[in-house]
Amino acid sequence: MASYKTIVEDNIDVLVVGAGLGGTGAAFEARYWGKDKKIIIAEKANIDRSGAVAQGLYAINCYMGTRFGENNPEDHVRYARMDLMGMVREDLLFDMARHVDSAVHQFEEWGLPIMRNEKTGTYQREGRWQIMIHGESYKPIVAEAAKKSADKVYNRVCVTHLLMDDNAENRVGGAVGFNVRTGNYHVFKSKTVIVGAGGASNIYKPRSVGEGAGRVWYAPWSSGSAYGLLIEAGAKMTQMENKIVLARFKDGYGPVGAYFLHLKTYTQNGNGEEYESKWFPALSKMVGKEYLDTEGQHLSHKPIPTCLRNHAFINEVNAGRGPIYMVTTEAFQDPHLEEIGWHNFLGMTVGQAVLWAATDVDPKYENPELTTSEPYVMGSHATGCGAWCSGPEDISPDEYFWGYNRMTTVQGLFGAGDAVGGTPHAFSSGSFTEGRLAAKAAVQYINDGKGDGISINESQIEKRKEQIYQPMETYKVYRNHITAGTVNPHYINPRQGLDRLQKMMDEYCGGVTVSYMTNDNLLNIGLKKLGLLAEDWEGGIAAKDIHELLRAWELKHRILTSEAVMQHTLFREETRWPGYYYRGDKMKLDDKNWHVLTVSRRDPNTGEYTLEKAPLYHIIDDKEEKEKPTKKKKAAA
Ligand code: AMP
């Protein structure tokens, strides 16, 4: 048995697991409402450069600008709803949108440089919802507020499991994990846990290979722990089939938002032709006129939903007219726009700029290629995977409300950022806001006495300890049985397991190899194979050192996430998001049967899945507000 030191933090009030933008928002707000509370952060990397914002951002993609008379929160719900083909939790989305501006104002106070429009004095808009920032140091700036708020920040502690109360059914009591440098075992006994541990990259086989391996769109360290932890604790999940595919600059995954929205660049096929609209007539037969009306080439909604833009892209390439180019040569003739184009990457995706330099691509004279990425499982960009959480009391219908905002179906267990399902288009600022909302509710939960009397038996703590270090024991016992290279009949290593996972998600659950196509036969085979991988993980994953131990547990969380994705994809019998994935056996969107949210639960004791449909309530009406919010000149000054 491993002999690493055990460190126990007892009687904590709020444990924040993962300190990306969601977790930092949670720590900050927990301190505001809970001056007397003990607040601890556990972060597997270092809070200054962790999470999806680690390497910076060039825009904050969710800002209403209500004080500048720009948008109402209702408009944002309408936008996100249409972008997601109708499927959002409008209560959660509205709640985030009505609070998000204040988070952005705080970021500016803390030192984040936000660009200003010289003419109007308002923030410089990139698009309707996006504002431009000098954001290379976005994360360290926000992290500082969280560090000042928490009693302690444990960097390099990877949380592997949640602890459950032994006194009450379905109540959380803390979490356990290990230090990825020292190996020490950490036990947190806490009245509430807020999980902001991030979505999932590297679940699907990435396009990048060889020296490019590891270059992916979302943060490569996002291991789906936000999902794995919650699923294993028996929390209900929603919209896990809503994986996202991104149109990106090829191989560097450079983002396109600033180019499309601010530089006003556009795409064309390999022959230099506009291609998107050609696909709309056929597409409107698949999705119906509510989402896309092709009469006279008029689109019923602008912007056209992200997945449908992908659909045109994918089909054009499959028709043999690739590659798809971003037309930059026009915009880049303007020296100011040229500078913005490069800055955009230098501030958040340096790799794309380096790749262009290395491959002699000057976007002023040559239109760069775009591609569609492998799918990702997350919940804060144009997609809404995550836990089924309670909404706020004032606007949520009964089915969406069970006492505390952003609380999962496990008592005392809250989510933020990617962890919360049905809330797409939150991005960085919205995730931070969600953390704030979750923490406020968590403090209320404690003050209401809901976290009293939790008991964690020593046997639970011991059992988890044994499980956590088992991969190192397995390695020790069997390492001499290697037959060739790293092949060992007694175990798999984390890399081998990850390769298997990526291949099966790719081929059976709609990855790039199959042009995002799947069906019930493929999904059933995939689920069987995934079950075998999960068994192999349990029975024999080996870690030769603490670093591999981290990889082993990341793989575990990715496997749990993937199973939920497959189960949900099988359950939703329609193609709701053409361009994100296709159910080849159910190619049409089916509003009659599937205008619903999907909710799953994995039984923590048996591993069995149950799936159900949850009502999709439209709380915000369809009519775009004619009246803009009132300008408050003073506040803007
Ligand atoms: P990205 O740079 O692709 O991550 O996107 C940044 C922001 O721009 C997000 O809010 C996207 O939803 C939005 N966006 C990206 N491309 C487009 C487009 N072609 N039309 C409208 N919005 C877009």
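A nonpolar surface patch of about 250 Å² is made in this predicted model by Leu346, Val350 and Val354, where a patch consists of residues with over 30% relative accessible area and no salt bridge, nonpolar side chains (Val, Leu, Ile, Met, Phe, Trp, Tyr) being joined within 5 Å and like charges within 9 Å. Accessible areas come from the Shrake-Rupley method with a 1.4 Å probe, and a salt bridge is a side-chain nitrogen of Lys or Arg within 4 Å of a carboxyl oxygen of Asp or Glu. Leucine 346 belongs to helix 9 (residues 335-346), helices being DSSP runs of H or I with at least four residues and strands runs of E with at least two. With a relative accessible area of 37%, glutamate 366 is partly exposed, as is leucine 346 at 47%; buried means under 20%, exposed over 50%, and partly exposed in between.

The model is a prediction, in which local features need pLDDT of at least 70 and side-chain atom pairs count only at pLDDT 80 or more, while totals for chains, interfaces and linings use all residues. Residues are numbered from 1 along each chain as its sequence is written, and side-chain values use heavy atoms, with hydrogens and water left out.

A negative surface patch is formed by Asp360, Asp362, Glu366 and Glu369, of which glutamate 366 is placed in the loop between helix 10 (350-358) and strand 13 (369-372).

The structure holds 32 aromatic pairs, a pair being rings of Phe, Tyr or Trp (its six-membered ring) with centres within 6.5 Å, counted as stacked with planes under 30 degrees apart, edge-to-face over 60 and tilted for the rest. The rings of phenylalanine 249 and tryptophan 356 are an edge-to-face pair, because their centres are 5.2 Å apart and their planes stand at 85 degrees. Since phenylalanine 249 lies in strand 10 (residues 247-249) and tryptophan 356 in helix 10, this pair ties together parts that are 107 residues apart in sequence. Both phenylalanine 249 and tryptophan 356 are buried. Tyrosine 475 and tyrosine 491 form a tilted pair, with 6.1 Å from centre to centre and 45 degrees between the planes. One aromatic cluster is formed by Phe249, Tyr259, Phe332, Trp342, Phe345 and Trp356.

Tyrosine 204 lies in the loop between strand 8 (185-195) and helix 5 (225-232) and, at 1% relative accessibility, counts as buried. The C-alpha atoms of tyrosine 204 and methionine 505 are separated by 5.4 Å, although these residues are 301 residues apart along the chain.

Note on methods: Lys and Arg count as positive and Asp and Glu as negative; His and the chain ends are not counted. The place of a charge is taken as NZ of Lys, CZ of Arg, CG of Asp or CD of Glu. Buried means under 20% relative accessible area, exposed over 50%, partly exposed in between (1.4 Å probe, protein chains only).
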